[in-house]
Amino acid sequence: MLRDVWTILRKDWQAELRTQEMAGSLLVFILLIAFLFGLTFPARRDLVYFFPGLVWTAIFFAGMLGLSRSFAGEARSDCMKGLALAPLDRGAVFLGKLASNLLFLVATELVAVPLFFALFDFSPPGHWGTLVAALALGTLGFASVGTLLAAMMAGTKRGEFLLPLALFPLEMPVAVGAVEATAGALGVAGAHAGHWLKLLVAYDLIFLVVPYLLFDYLMEVL
Amino acid sequence: MRREWLAWTTFLLVEAAMALNFLYAPNLAPGEQVHPLSQHLFYIHVGAAWNAAVAFTVVFVASIAYLRSRDLKWDLWAAASAEIGVVFTAVTLLTGTIWAKAAWGVWWTWDPKLTTTLILWFLFVAYLLIRESVTSPDTRAVYSAVLGIVAFLDVPVVFLAARWWSSIHPVVITGQGFLMPPSMVLTMVTGFVAFTFLYCYWLWHRTALARVERRLSELRARRREDI
Amino acid sequence: MSEHVGMYYLFAGTTVAWILIFAFTQKMRGNLRRLEEAVRLLQETSREP
């Protein structure tokens with residue numbers, strides 16, 4: 001099982017390393033968003049109140065772009081049939097794709113988050129452990145539902161357009177939870193990081209198990 | 001014949017509900033100082049909200065039934081119910097915002113029930129748009145079923161998330177029973193029943209149409225093969 | 001008093017709206033029934049030998 005997941009993950013990353021389809025354009029996109037926010041939200045003393053929202057908006061937009069491409073290669077060359085016929089558990093295919101999307105989102109965040117802190121010249125007395133937990137749990141919740149929907153949208157017309165339409169409402173608890181937990185980690189008064197981290201854990205658990213089960217059915221028609 | 005019975009019962013029930021609403025129910029809820037007209041929106045609001053909930057539960061159940069049985073009949077039920085659910089949710093949101101303006105002085109607050117309803121509306125509009133963009137019936141049915149299940153399971157989490165902000169929505173139904181005089185209760189219950197009949201009537205109608213559409217596309221496909 | 005008259009107007013207005021909605025739905029239902037009939041006939045005539 002774990003080896004199957006690893007196989008899928010390695011396949012995706014080898015493809016990415018060879019073509020460098022995503023990395024370059026995404027890096028530029030993140031830089032662009034950061035500068036756009038830097039220009040439109042000038043650094044102020046009460047920045048801490050909307051800083052978490054800005055960071056997560058950037059992550060969601062970049063993640064959306066990445067997700068909508070994550071199955072494009074498979075759809076283009078009809079690889080989904082190959083994956084469906086491969087002697088793998090179909091849940092492992094889901095977990096593999098999820099792992100590769102996660103890895104890719106984490107790479108994005110490793111660039112984006114320090115960039116935001118630097119650009120806004122922002123150094124609050126924060127709990128860094130809580131911040132990392134919020135980032136990790138929020139990313140996992142975003143990626144698990146995102147992987148399921150991206151697999152569906154890859155096969156439809158207007159898929160790139162429909163993906164955010166379905167994904168953003170579904171991710172509302174993640175958006176709220178991640179932003180509030182981040183705010184708590186950065187020491188915003190009234191934000192209870194612990195509360196929201198629990199919500200994120202619950203969301204992640206539900207939406208790890210449900211897509212894992214439903215992916216079986218989805219693979220039949222992809 | 002059964003169809004006629006359902007149609008006319010629905011007609012009379014909705015008419016009765018409106019008569020009670022406008023002519024019988026009090027203009028002001030006890031202890032509330034709201035514009036008298038806005039109180040009458042309340043009965044439409046709760047009736048529509050209740051049936052939106054019913055409609056999306058039907059989508060959920062039909063989606064599971066489809067994945068278990070692979071019978072396209074269930075897909076048609078889910079799709080029809082989702083369409084009606086979106087209409088009822090829109091009515092809920094519209095009456096709710098007007099009422100909120102009159103009662104709270106603002107069009108919109110980030111109250112958990114409001115937020116959840118809005119998210120629900122977005123989710124099922126996306127559901128319908130995605131249905132439209134898939135052409136193969138089997139693929140469309142699986143996509144819709146998966147979406148219907150995920151969307152339904154998302155709702156309690158959305159509500160919980162929204163609830164951890166402050167809640168100012170009036171609590172009408174509590175453990176102690178209704179906090180309303182009998183005339184309001186009667187009007188509200190009639191509204192519930194009437195809207196439920198309306199839902200059944202539309203659902204039945206919409207599934208019949210969907211069945212004909214499906215048969216027609218099958219015929220067309222067969223004809224293309226012949227040529 | 002004027003409030004009550006207003007309520008009568010509202011009731012009359014919504015009744016008219018509802019009758020229109022209902023009549024339209026019933027008319028669509030008539031169309032639907034004819035469509036069902038037509039599709040049934042088509043299906044019968046195009047049955048494979």
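1. In this predicted model, chain B and chain C bury about 2,700 Å² between them, and 69% of that area lies on carbon and sulfur atoms. The contact draws 28 residues from chain B and 24 residues from chain C.

2. On the side of chain B that touches chain C, the helices α1 (2–24), α2 (36–39) and α7 (182–226) of chain B each supply at least two residues. Sorted by class, this side of chain B consists of 19 nonpolar, four polar and five charged residues.

3. As for specific pairings across the interface of chain B and chain C, the rule finds zero salt bridges, although five charged residues belong to the side of chain B that touches chain C. Polar contact between chain B and chain C is counted for three residue pairs, with both residues at pLDDT 80 or more.

4. The lining of the largest cavity is made up of A:F51, A:V55, A:W56, A:V113, A:F117, A:L131, A:L135, A:T182 and A:L186. Two or more of the lining residues come from each of α3 (47–70), α6 (90–119) and α7 (128–153) of chain A, and α3(A) gives the most, with three residues.

5. The side of chain B that touches chain C, for its part, includes five charged residues beside its 19 nonpolar and four polar ones.

Terms used: Residues are numbered from 1 along each chain as its sequence is written. Chains are lettered from A and ligands numbered from 1 in the order in which they are written. This is a predicted model: local features need pLDDT of at least 70, side-chain atom pairs count only at pLDDT 80 or more; totals for chains, interfaces and linings use all residues. Side-chain values use heavy atoms; hydrogens and water are left out. Contact means heavy atoms within 4.5 Å. Buried area is the accessible area (1.4 Å probe) that two parts lose on being put together, summed over both. A salt bridge is a side-chain nitrogen of Lys or Arg within 4 Å of a carboxyl oxygen of Asp or Glu. A polar contact is a pair of N or O atoms within 3.5 Å; within protein, one must be able to donate a hydrogen and the other to accept it, and residues adjacent in sequence count only if both atoms are side-chain atoms. Helices (H or I, at least four residues) and strands (E, at least two) are DSSP runs, numbered from the N terminus. Ala, Val, Leu, Ile, Met, Phe, Trp, Tyr, Cys and Pro count as nonpolar, Asp, Glu, Lys and Arg as charged, and the others, Gly among them, as polar. On a 1 Å grid over the protein atoms alone, a cavity is a set of points where a 1.4 Å probe fits but cannot get out, and a pocket is an open set with protein on both sides within 12 Å along at least five of seven lines; lining residues have an atom within 4 Å of a point.
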